[in-house]
Structures are given as C-alpha cells and as structure tokens.
Amino acid sequence: MAIRVSIFFFLFALTIFASSSFTRISAEEAESKEFVLTLDHTNFSDIVSKQDFIVVEFYAPWCGHCKKLAPEYEKAASVLSSHDPPITLAKVDANEEVNKELATEFEVKGFPTIKILRNGGKHAQEYKGPRDADGIVAYLKKQRGPASAEIKSVEDASSLIDDKKIFIVGVFPKFSGEEFENFTALAEKLRSEYEFGHTSDAKFLPRGESSVTGPIVRLFKPFDELFVDFQDFHVDALEKFVEGSSLPVVTVFNSDPNNHPFVVKFFNSPNAKAMLFLNFSNEVADPFQSKYREVAEQFKGEGISFLIGDLDASQGAFQYFGLSEDQVPLIIIQKDNGQKYLKANLEPDHIAPWVKAYKDGEVPAYKKSEPIPESNNEPVKVVVADTLQDIVFNSGKNVLIEFYAPWCGHCKKLAPILDEVAVSYENDAAVIIAKLDATANDIPSDTFDVKGYPTLYFKSANGDLLQYDGDRTKEGIIEYIEKNRDKTTSQDKTTSEDKTTSQDASKDEL
C-alpha cells in the first residue's frame with residue numbers, strides 16, 4: 001500500500017509542532033501502565049464493535065511525526081481513561097503487512113492518521129484536532145458529547161464563541177421540525193471540523209441581528225465580516241455555505257497557531273492555490289498585503305484561493321517548491337494537478353496583472369529541478385526534472401526508474417539492491433537503472449502516479465510505461481526487466497551496426 005505524506009504536513013508540521021504548547025499534563029498523571037490500546041488485524045473488529053466511541057491512530061514505526069505524537073497521545077489516553085464515560089485511545093501499526101487491509105479500509109493515506117469511530121465502528125470521522133496532550137483531551141471531550149450544544153444564556157454563548165475560531169449557531173423557534181433536524185445532521189457530519197450550537201433566542205449571541213426568531217444559521221468567524229447568516233436548510237446547501245464561509249479571503253500563514261486551522265483548510269481546498277511569500281517585518285509588507293487582498297477580492301469565486309506567508313514561517317514551503325530567499329517577494333500558484341506558476345522579485349503593482357495573465361493562460365509553468373549532475377558515472381544514473389524526458393523517454397533505452405525520498409527507510413533498504421541490478425547491466429547499453437529524488441524535483445502527475453516511496457516505473461525501449469509491481473530483490477527486478485524490455489531494439493541495433501560496418505569496409509576495399 002502506497003502511503004502519501006500530505007503536503008500540509010510536509011510544508012508546515014514543524015512550525016505547528018514547534019508553536020504548540022506541549023505537555024502541560026504532569027508526568028505523574030501518566031503511570032508506567034500503557035493506556036493506549038494496541039490493536040491489529042486479529043482483535044480490531046472484536047474490540048471496536050463493542051465501543052460506542054473509540055479513537056484509533058494508524059501509525060508507522062519509522063514515521064517522525066508518529067514518534068513525536070506518541071508521548072502526547074499516551075498522556076491524553078491516561079487522562080481520558082478517567083473520563084465519565086471513559087474514552088479509549090488505540091493504535092494500529094499500519095506498516096505491518098498483516099494490518100494493511102485495515103489501513104486501506106479506513107483510507108489511511110499518510111502517517112499518523114487518527115480516526116474517531118462511533119457506533120461500533122459503523123461511522124468513521126477524521127480526527128482534526130490538536131496534537132498535544134491537553135489539546136487532544138479537550139477536543140475529544142467535545143467530540144464525545146452532543147454535536148451541537150444548547151445555548152441558554154449570554155454566559156453560555158460567551159463560553160463557546162470567541163474571536164479566534166469558527167462557531168456555527170442555529171436559531172430556532174422550537175427544537176424540532178425539518179430545519180432543526182437538518183441542522184443537527186450537519187453538525188454531526190462536520191463535528192470533527194467545526195463547533196456547533198443552537199438556541200431559541202438570538203439575543204444571547206454576541207453579534208448580528210438579535211430580533212430574529214429563526215430558523216436561521218449564523219456563522220461566527222475571526223476574519224473578514226465576522227459573522228454571516230444563512231437560511232437554506234437543505235443539508236447540502238448548509239454544508240456548502242459552511243465550507244465557503246469558513247475560508248478567509250486571504251489566509252495568513254505565520255507563527256500564530258490560531259491561523260493554522262485555516263491554513264489546513266486552504267490546502268484542502270480543490271481550488272488553485274496562490275501563495276505570496278514575503279518578510280512581514282519589512283516596511284513594504286503593508287502595501288503588498290493591501291494589493292494582494294484587492295486581487296483576492298477581484299478573483300473571489302473564480303477557482304483561486306489566496307494565502308500570504310511570512311518568510312520566517314515558510315521555510316518548509318520554500319524547500320517543497322524549490323525556492324530561495326533571494327526570490328522574495330514572490331508569488332507562486334499551484335493547481336490541483338500539481339502544475340506551478342512562479343513570479344519572483346515582484347512589486348505590489350505586479351500582482352494583479354500577473355494573476356490575470358495566469359488566468360488567461362499566458363504564464364508558462366514553473367518546474368522545480370535539482371541541477372543537472374556534472375558527472376553521472378555511478379551504476380544507478382541520477383535523473384532530475386530537467387533530464388527526465390531525455391533519459392527516460394527520449395533515450396530509446398529500457399529504463400527502470402525509482403522515485404525516492406532521502407528520508408524514506410524503504411528507499412534506503414532498496415538502494416544497494418538497485419546498485420547490484422545496475423552493475424549487472426553495466427555491459428548492456430540498452431538498459432538504464434535510474435533514480436530521482438521526488439522531494440527535490442517535480443514529477444509529471446499525468447504520467448507517473450507517485451503516492452508513496454519508493455515508487456518504481458519501467459519504460460521499455462518501444463515506449464511502454466509500466467508501474468513496477470514485482471519483488472524488491474535483485475533477482476525479482478532483473479526478471480521483471482527481462483520480461484518487459486524491448487529485446488528486439490538492441491539486437492536490431494547491433495545487426496544494423498554490423499551491416500553498416502560491413503558496408504563501410506567494402507567501400508574502403510573498393
């Protein structure tokens with residue numbers, strides 16, 4: 001099973017983990033006893049089916065984020081074991097071959113993945129809360145309770161609604177009927193992402209018209225217009241309203257953890273993603289932010305989401321996109337298919353015309369590539385984005401290429417095996433064994449489906465492109481190459497060369 005490390009974690013996890021306040025729960029609260037329950041393919045169904053509410057982490061032992069989460073998850077489990085009713089936290093090693101069917105069933109695409117399972121596992125929701133012990137405890141206590149909290153007073157509203165998060169309130173003359181039932185269904189569906197409340201009196205709410213009797217939905221948010229009302233109670237319409245209203249016109253990415261939930265939503269959006277990076281402490285930051293917001297307002301609803309990132313908080317993004325600080329201020333747009341467009345060293349007045357040119361299809365795509373190696377004499381040839389087409393598709397050779405990540409344990413294990421395979425073909429000019437660092441080079445997603453590392457493809461000399469699915473042994477790889485290579489090409493080429501040589505010799509004799 002291929003595992004993808006999500007773009008959000010790759011870009012921003014270090015910043016989020018660094019800025020989170022970890023481990024306020026004292027060490028004394030976590031005894032030597034392990035409170036996190038270990039599940040696997042043998043006991044998963046039996047245990048989960050008996051639980052009305054259980055939280056399961058799917059992890060891999062080699063995953064750095066999993067290792068960082070582990071002590072926080074255990075501390076949270078120790079506290080939640082005393083909750084009334086107790087809340088069980090469990091874990092599954094999804095890297096184990098015998099557990100991969102479970103990981104597939106629960107759509108595990110990256111590590112760690114945490115699922116909230118309700119009603120004996122019949123309903124699964126993604127955990128979208130904090131990763132520190134205190135945050136996990138607070139988040140899961142809310143998830144264990146009702147999806148929507150009744151607001152009976154100004155004090156209730158004040159304790160639930162603040163100026164740092166999104167909160168959705170339904171105002172109803174009575175807590176029954178189709179509108180209330182649809183609102184409750186929405187709250188249950190989206191409870192892992194948003195907090196919900198309901199009230200019979202809008203006077204309790206901090207903002208908005210207080211004389212409305214409903215039914216009406218009021219979404220409070222810490223940006224833009226601060227609240228917005230909605231009155232279409234079809235569940236699909238309500239969900240679309242919530243999703244559309246909860247993303248800022250311009251998402252801010254900096255070291256403030258209160259902004260991180262909106263950064264997550266920004267990257268989860270299907271829209272093209274425009275990202276402006278600059279130094280927030282620079283005196284030119286204000287005119288840039290002003291112009292950028294104008295452009296975001298201008299293109300609102302046209303399939304582009306906008307983010308502005310502080311240089312100090314965006315080092316992960318610079319690594320991911322292959323950017324350098326001397327290009328700042330810069331704007332980069334990434335489409336859902338992975339294509340990117342870059343404008344470096346821009347001025348505030350450049351933003352609007354450049355975005356318009358992008359929309360009109362007049363901006364060439366940007367490709368991230370490592371430098372072309374000056375020498376490439378090792379048995380396994382190094383491929384970069386700028387040489388991918390020439391080496392793999394235009395060489396007329398049979399090419400086995402590995403897409404790898406430098407930090408990947410499976411890739412490190414495979415490396416000496418590929419070296420041995422390459423040495424075996426050193427005297428066969430028709431075969432190339434190659435590798436490409438997929439974290440440092442762009443890969444055409446319409447050609448290669450790289451969802452995990454390592455991913456191997458074989459391109460035969462006659463043009464067939466196959467994703468390698470054989471054994472990761474020297475013998476298995478060689479057998480696969482011999483089975484799928486274009487064997488006639490090298491023979492025909494040799495025969496042709498022999499004929500040419502013979503003809504040339506005859507001419508010389510004449």
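**Chat notes on the chain**

Analyst: Start with contacts, meaning heavy atoms within 4.5 Å. Among contacts in the chain between residues at least 6 apart in sequence, 68% join residues at least 24 apart.

User: What sort of model is this, and what are the ground rules?

Analyst: This is a predicted model: local features need pLDDT of at least 70, side-chain atom pairs count only at pLDDT 80 or more, and totals for chains, interfaces and linings use all residues. Residues are numbered from 1 along each chain as its sequence is written, and side-chain values use heavy atoms, with hydrogens and water left out.

User: How many helices and strands?

Analyst: The chain has 16 helices and 20 strands. These are DSSP runs numbered from the N terminus: helices are H or I with at least four residues, strands are E with at least two.

User: And how much is buried?

Analyst: Of the 510 residues in the chain, 45% are buried. Buried means under 20% relative accessible area, exposed over 50%, partly exposed in between, with a 1.4 Å probe and protein chains only.

User: On to α3. What span should helix α3 have?

Analyst: Helix α3 covers residues 64–80, which is 17 residues. At 1.5 Å a residue it should span 24 Å, and its end C-alpha atoms are 25 Å apart, which agrees. The expected span is 1.5 Å times one less than the number of residues.

User: Where does α3 bend?

Analyst: At Ala70, by about 35°. A proline, Pro71, follows within four residues. The bend is the angle between axes fitted to the seven residues ending there and the seven starting there.

User: Is Leu69 buried or exposed?

Analyst: Leu69 counts as buried, because its relative accessibility is 0%. It is in helix α3. Other buried residues of α3 include His65, Cys66 and Tyr73.

User: What is Leu69 in contact with?

Analyst: Leaving aside neighbours within four places in sequence, Leu69 is in contact with Glu57, Pro112, Ile114, Arg131 and Ile136.

User: Now α14. Where does α14 bend?

Analyst: α14 bends by about 30° at Ala415, and Pro416, a proline, follows within four residues. Helix α14 (residues 409–424) reaches 24 Å from its first C-alpha to its last, close to the 22 Å expected.

User: What covers its buried residues?

Analyst: The cover for the buried residues of α14 includes β17 (398–404), β18 (431–437), β19 and α15. Among those buried residues are Cys411, Leu414 and Ile417.

User: Change of topic: how many aromatic pairs?

Analyst: The count comes to 23 aromatic pairs. Rings of Phe, Tyr and Trp (its six-membered ring) pair if their centres lie within 6.5 Å; planes under 30 degrees apart count as stacked, over 60 as edge-to-face and the rest as tilted. Phe277 and Phe318 form an edge-to-face pair, 5.5 Å centre to centre with 70° between the planes.

User: Where do Phe277 and Phe318 lie?

Analyst: Phe277 is in strand β12 (residues 272–278) and Phe318 in helix α11 (residues 315–321), 41 residues apart. Phe277 is buried at 0% relative accessible area, and Phe318 is buried at 3%.

User: Which charged end sits over the ring of Tyr320?

Analyst: That of Lys368, 5.1 Å from the ring centre. The rule needs NZ of Lys or CZ of Arg within 6 Å of the ring centre and within 35 degrees of the ring normal.
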